[in-house]
Amino acid sequence: MVDRLDGLDEVVVFDTETTGTSREDRVVSLGMVRLSPELELIDSLHLVFNPGRPSHPMAQSVHGLSDAYLRRQDPFERHAEAILDFSRGAVLVAHNMSFDWRMMGQEFERLGPGGFDPLAPRYCTVRGWRARHPGKRGKLDLVLAEIGLSRDGQTHGAYEDAVLAAQVLRHLHGRACFGPVRLIPPSNER
């Protein structure tokens, strides 16, 4: 895990929404934004997946994606290569990296060898926030309120959360938040 991103290559900020939090749970949505070394937005990726299992009611109340909707989507494996291509060569960033890294790792483990490089440089915006603000909680909505931002609605979309985590990353690195970013629907949505 790296402490700062200054002088590093491009960055991919990502977020997952899942069926729950256990080893058996699956990723239902992935949002990724690619940033330049100066932390400017370069590209975006937003995908939804058929997890092959129902979402836990608490998870569904967080992400708002119905099981019926998710059953119509492609499984993760159909988009694994696109995910790896999008993130290749970048520092990986997430708000609560341990959770998102674990969930993505579980998805790639199901597919066999490959997946995110375990040695890839990673940065956690929760850890970065707590290091700068000792004693303050690092939950994304609380951090956003501290820096004058908020999400659009009550549910947590993976793409919106990736964009918001990128805003937190910019704040932690002394850059102003970029202007409004249009939320995009999943590119693979059926």
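Predicted model: local features only at pLDDT ≥ 70, side-chain atom pairs only at ≥ 80, totals over all residues.
View 1. E107 has a relative accessibility of 2%, and because the limit for a buried residue is under 20%, E107 counts as buried.

View 2. The buried residues of helix 4 are M97, F99, D100, W101, M103, M104, Q106, E107 and F108. What covers these buried residues includes strand 1 (11-18) and strand 2 (27-35), together with helix 3 (80-87), strand 4 (91-94) and strand 5 (122-124). Just after helix 4, G112 adopts a positive phi of about 100 degrees.

**View 3. R34 and E10 form a salt bridge in which the closest N and O atoms are 2.5 Å apart.** R34 lies in strand 2 and E10 in the segment before strand 1, so this pair ties together parts that are 24 residues apart in sequence. The two partners are classed as follows: R34 is buried, with a relative accessible area of 12%, while E10, at 28% relative accessibility, counts as partly exposed.

**View 4. R151 is found in the loop between helix 6 (140-146) and helix 7 (158-172).** At 10% relative accessibility, R151 counts as buried. Leaving aside neighbours within four places in sequence, R151 is in contact with L140, D141, L144, H156, E160, D161 and L164. Among these residues, D141 makes a side-chain polar contact with the side chain of R151 at 2.9 Å, and the side chain of D161 makes another with that of R151 at 2.5 Å.

**View 5. E160 forms a salt bridge with R151, and the pair belongs to a network.** The closest N and O atoms of E160 and R151 are 4.0 Å apart, and both residues are buried. Salt bridges that share partners join D141, R151, E160 and D161 into one network. Across the model, the count comes to 14 salt bridges.

Technical notes
Residues numbered from 1 in each chain as written. Heavy atoms only, no water. Buried < 20%, exposed > 50% of the residue type's maximum accessible area, 1.4 Å probe, protein only. Helix = DSSP H or I, 4+ residues; strand = E, 2+ residues; numbered from the N terminus. Contact = heavy atoms within 4.5 Å. Polar contact = N/O pair within 3.5 Å; in protein donor to acceptor, adjacent residues only side chain to side chain. Salt bridge = Lys/Arg side-chain N within 4 Å of Asp/Glu carboxyl O.
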